[in-house]
Amino acid sequence: MIHRFHIVGIFLAVLSGLIFTLNNGIIQLMKLDFSEIMLVRGSIQVLMFTLLLLAKGYSVLPTIGENVTKTKLLVIFQGIGSGLMVTCSVSSVTFMPLGDAMVLIFMAPLSTMILAAIFLRHNLRLYKIVNALLLIAGAILVIQPTFIFDNLQNLTPSYHNYYYYLGAVIALSSAVFDGFVNITISYCQEVQSLVLLWWAGIGAIICSFIGFAFDPNARMLSYEITDIPYSHWIAYVGITFQVLSNSSHKETLGPW
């Protein structure tokens, strides 16, 4: 019998996917800068959850679990991993079509499945293996690597160029980081979700600073900040709260 929490989890997972796709669609449509997105998102997230942590009396470095040092490191790791995951997902759509990017980003269940088998000793049952093969086949059909489709060049869309494959690598990296975050969260089940979300905000800020170092289009940390249109600011804030709803779903209910 399907438990009611399973139904709620499925509904939230589908809603999360729809919101995630909407976010990336807005990013591609408005040509938003991924470094600026991450800085706004991280700053708002840290501010919000700092206030909540102070109100609840929680520490950002929880001293719980059998191995306190390990718990602290895992909490920090999931925050940085979450920042890398979102950074890769929002930046990938600047290099390739939205539909293709989402197919690759949504391969996160495959990386989660493999990592769960390695670290959590989950069994790889037949239906999981079949689904994994379907995900891999879908990714191959989307990316169309030349060593497989070399004789079908006339059927390959013209946008399969260097930047397309760069976007594909970034999108797949997002799926891998997502898998690591899912596994790490499972190890941090005793940690308050507010703490995990606070560190996810710190991870977003760290990733934004790294992005600013290599992103020639970023304007937020320079005198060109005044050139950012108000519509972009509205989009940045809107995307922030949409991403927060996705993150809260995962941190609260867990990856499974």
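**Figure 1. Tyr 164 is buried, with a relative accessible area of 0%.** Tyr 165, at 25%, counts as partly exposed. Buried here stands for under 20% relative accessible area, exposed for over 50%, and partly exposed for what lies in between (1.4 Å probe, protein chains only). The model is predicted, so local features need pLDDT of at least 70 and side-chain atom pairs pLDDT 80 or more, while totals for chains, interfaces and linings use all residues. Residues are numbered from 1 along each chain as its sequence is written, and side-chain values use heavy atoms, without hydrogens or water.

**Figure 2. The fold of the protein consists of 10 helices and zero strands.** Helices (H or I, at least four residues) and strands (E, at least two) are DSSP runs, numbered from the N terminus. In sequence order the pattern reads α-α-α-α-α-α-α-α-α-α. Of the 256 residues, 44% are buried. A contact is a pair of heavy atoms within 4.5 Å. Taking contacts between residues at least 6 apart in sequence, 82% join residues that are at least 24 apart.

**Figure 3. The whole structure holds six aromatic pairs.** Rings of Phe, Tyr and Trp (its six-membered ring) pair if their centres lie within 6.5 Å; planes under 30 degrees apart are stacked, over 60 edge-to-face, and the rest tilted. Phe 77 and Phe 180 form an edge-to-face pair, 6.5 Å from centre to centre and with 80° between the planes. Because Phe 77 lies in helix H3 and Phe 180 in helix H8, this pair ties together parts 103 residues apart in sequence. Phe 180 is partly exposed, with a relative accessible area of 31%. Tyr 164 and Tyr 165 also make an edge-to-face aromatic pair, with 5.6 Å between the centres and 90° between the planes. One aromatic cluster is formed by Phe 95, Tyr 162 and Tyr 163.

**Figure 4. Seven named residues make a nonpolar surface patch of about 620 Å²: Phe 77, Ile 114, Ile 118, Phe 119, Val 176, Phe 180 and Tyr 187.** Patches are made of residues with over 30% relative accessible area and no salt bridge, where like charges are joined within 9 Å and nonpolar side chains (Val, Leu, Ile, Met, Phe, Trp, Tyr) within 5 Å. Helix H5 (108-119) and helix H8 (162-187) each give at least two residues to the nonpolar patch. Phe 77 belongs to helix H3 (residues 68-92) and is partly exposed, at 42% relative accessible area. Ile 183 is also found in helix H8, but Ile 183 counts as buried at 4% relative accessibility. The C-alpha atoms of Ile 183 and Ala 116 are separated by 6.5 Å, although these residues are 67 apart along the chain.

**Figure 5. The largest nonpolar core has 37 residues, and Ile 27, Leu 32, Leu 104, Met 220 and Tyr 236 have the most contacts inside it.** Helix H2 (residues 34-56) gives the most to this core, with five residues. A second, separate core of 14 residues includes Cys 188, Leu 194, Leu 197 and Trp 199. A nonpolar core is a set of buried Ala, Val, Leu, Ile, Met, Phe, Trp, Tyr and Cys residues joined through side-chain atoms within 4.5 Å. Leaving aside neighbours within four places in sequence, Tyr 236 is in contact with residues including Leu 32, Glu 36, Val 40, Arg 219 and Met 220.

**Figure 6. Arg 219 and Glu 36 meet through their side chains in a salt bridge, at 3.5 Å from N to O.** Arg 219 lies in the loop between helix H9 (193-214) and helix H10 (230-253) and Glu 36 in helix H2, so the pair ties together parts 183 residues apart in sequence. A salt bridge is a side-chain nitrogen of Lys or Arg within 4 Å of a carboxyl oxygen of Asp or Glu. By this rule the count is one salt bridge. Both Arg 219 and Glu 36 are buried.

**Figure 7. Lys 31 has a positive phi of about 55°, although it is not a glycine.** Lys 31 sits in the loop between helix H1 (4-30) and H2, and counts as exposed at 70% relative accessibility. Arg 121, not a glycine either, has a positive phi of about 60°. Arg 121 is placed in the loop between H5 and helix H6 (126-143), and is exposed, with a relative accessible area of 63%.

Conventions
Areas by Shrake-Rupley, 256 points an atom, 1.4 Å probe, with all protein chains shown as cover.
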